[in-house]
Amino acid sequence: MTSEVNSKYSEEEDGEDEALAMAYYDDDDDLDTLTDGDLDCSCEDGVLGFSDPFSSEVKPRILLMGLRRSGKSSIQKVVFHKMSPNETLFLESTNKICREDVSNSSFVSFQIWDFPGQIDFFDPTFDYEMIFRGTGALIFVIDSQDDYVEALSRLHLTVTRAYKVNPDINFEVFIHKVDGLSDDHKIEKQRDIHKRANDDLADAALERIHLSFYLTSIYDHSIFEAFSKVVQKLIPQLPTLENLLNIFISNSGIEKAFLFDVVSKIYIATDSSPVDMQTYELCCDMIDVVIDISCIYGLTGDDAGSPYDKESMAIIRLNNTTVMYLKEVTKFLALVCFLREESFERKGLIDYNFHCFRKAIQEVFDVRVKVQRSRKLLSQRRWSKQATPNGTQGLPH
Ligand SMILES: Nc1nc2c(ncn2[C@@H]2O[C@H](COP(=O)(O)OP(=O)(O)OP(=O)(O)O)[C@@H](O)[C@H]2O)c(=O)[nH]1
């Protein structure tokens with residue numbers, strides 16, 4: 001395997017008024033163009049954050065719940081704090097709700113709430129209605145190496161309570177610690193847990209509650225993949241991003257492309273072809289290589305900046321005629337592509353199309369920022385109206 005990692009790569013000129021048009025790849029080496037209309041980057045509700053119908057904040061909650069020692073804190077530490085899986089052996093039990101903002105370190109913006117193992121819904125000091133009301137996703141972690149009868153009844157109680165308060169929550173069940181199980185055993189456990197959990201809901205006449213199941217472990221990439229899917233469901237512009245990726249790869253002779261949040265290694269979108277775990281793992285490894293090499297060789301002594309910047313790019317040639325190509329999209333996002341060596345000969349074309357892709361993504365982000373600003377203004381106005389008894393005074397300009 002050979003690799004080139006270039007943190008000082010000069011990009012094409014960013015012409016402000018340049019038409020958004022993507023050149024496309026075909027076997028005849030022709031270059032044609034697609035117009036703005038083909039690149040549908042419209043945003044239905046105009047927010048590239050997360051849908052949060054309950055508050056003016058664009059940051060929904062992701063709750064981590066489950067029995068004691070099921071692995072909740074480990075998941076959070078490994079995915080968002082780069083803790084090595086072995087270090088989680090020394091984590092102390094969580095005894096109060098730990099809230100963490102994930103928005104400062106990466107584009108993917110939400111709050112994670114890590115709950116202590118045993119939550120008592122009947123405890124009057126625990127305002128679960130308030131908590132569930134602003135929740136986007138509830139992740140329930142089940143330890144697959146332990147007896148899960150109690151976990152299933154806890155799952156049922158939690159889900160039914162949460163659903164009553166907020167039927168829009170996505171319910172995600174992580175069948176966790178599967179590293180100790182054989183492949184057959186994993187499938188068998190998943191089938192059994194799936195059946196029992198859904199039977200419990202059917203018995204309570206709550207079949208309409210949809211549970212999604214994932215086999216996870218902190219000792220491989222499965223936890224990152226599962227988290228990626230949880231997060232993707234909360235991005236209202238996902239179809240737009242997928243659409244842009246589809247157009248980009250089909251016009252550039254690329255086989256697969258992922259849009260990654262570099263800090264967490266969560267992929268926020270990919271094209272519509274199926275994801276295979278090995279490809280995803282290779283992408284994660286590539287991001288690690290780029291960040292590590294950039295940290296060692298990319299930062300000068302007086303430079304306290306980030307090892308990942310707008311000039312970051314990398315090419316890795318695998319020994320099976322596949323090329324991996326990574327490029328910076330925004331401060332927090334990278335595009336990682338898989339393509340055949342012969343397609344990579346048309347790198348100029350790919351770079352041009354990438355340039356158009358990046359512009360389109362930027363437009364989607366700009367809409368998000370605009371909407372965030374107007375939401376903030378709106379909530380400030382509401383607040384100032386509430387502050388004056390007759391509501392006649394508006395917000396000072
Ligand atoms: N084998 C294996 N062990 C894991 C995995 N995830 C977590 N663990 C271990 O499970 C134990 C409990 O993990 P925690 O993260 O503290 O569990 P928790 O759910 O936060 O526990 P409480 O804070 O008590 O609710 C630790 O020893 C972890 O190392 C996994 O994927 N595989």
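At 47% relative accessibility, Ala205 counts as partly exposed, a class that runs between buried, under 20% relative accessible area, and exposed, over 50%, as found with a 1.4 Å probe on protein chains only. The model is predicted, so that local features need pLDDT of at least 70 and side-chain atom pairs count only at pLDDT 80 or more, while totals for chains, interfaces and linings use all residues. Residues are numbered from 1 along each chain as its sequence is written, and side-chain values use heavy atoms, with hydrogens and water left out.

**Positive phi angles**

- Ala205 is found in the loop between α4 (183-203) and β9 (211-215), where helices (H or I, at least four residues) and strands (E, at least two) are DSSP runs numbered from the N terminus.
- Phi of Ala205 is near 55 degrees, which is a positive value in a residue other than glycine.
- Arg69, which is not a glycine either, has a positive phi of about 65 degrees, and this residue belongs to the loop between β4 (61-66) and α1.
- With a relative accessible area of 52%, Arg69 is exposed.

- Ser74 lies in helix α1, which covers residues 72-81, and Ser74 is buried, with a relative accessible area of 12%.
- Leaving aside neighbours within four places in sequence, Ser74 is in contact (heavy atoms within 4.5 Å) with Thr88, Leu91 and Ile218.

**Aromatic pairs**

- A pair of aromatic rings is described by the distance of the centres and the angle of the planes.
- Rings of Phe, Tyr and Trp (its six-membered ring) pair if their centres lie within 6.5 Å, and planes under 30 degrees apart count as stacked, over 60 as edge-to-face and the rest as tilted; by this rule the count comes to 15 aromatic pairs.
- In one of these pairs, Phe80 and Phe110 have ring centres 5.8 Å apart and planes at 75 degrees, so the pair is edge-to-face.
- This pair links distant parts of the chain, as Phe80 is in helix α1 and Phe110 is in the loop between β5 (98-101) and β6 (111-114), 30 residues apart.
- Phe80 is buried, with a relative accessible area of 14%, and Phe110 also counts as buried, at 0% relative accessibility.
- The rings of Phe354 and Phe357 have their planes at 35 degrees and their centres 6.4 Å apart, so this pair is tilted.
- Both Phe354 and Phe357 lie in helix α9 (residues 347-387), three residues apart, which is about one turn of the helix.
- Phe354 is buried at a relative accessible area of 1%, and Phe357 counts as buried at 0%.
- Ring pairs also join Phe80, Phe110, Phe174, Tyr214 and Phe227 into a cluster.

**Charges over rings**

- A charge sits over a ring if NZ of Lys or CZ of Arg is within 6 Å of the ring centre and within 35 degrees of the ring normal.
- The charged end of Lys256 sits over the ring of Phe258, 5.5 Å from the ring centre, and that of Lys265 sits over the ring of Phe224, 5.4 Å from the centre.

**Helix α3**

- Helix α3 (residues 149-165) has 17 residues and reaches 25 Å from its first C-alpha to its last, close to the 24 Å expected, where the expected span is 1.5 Å times one less than the number of residues.
- The buried residues of α3 include Ala151, Leu152, Arg154 and Leu155.
- Packing by the buried residues of α3 is against β4, α2 (128-133), β7 (135-143), β8 (170-176), α4 and β9.
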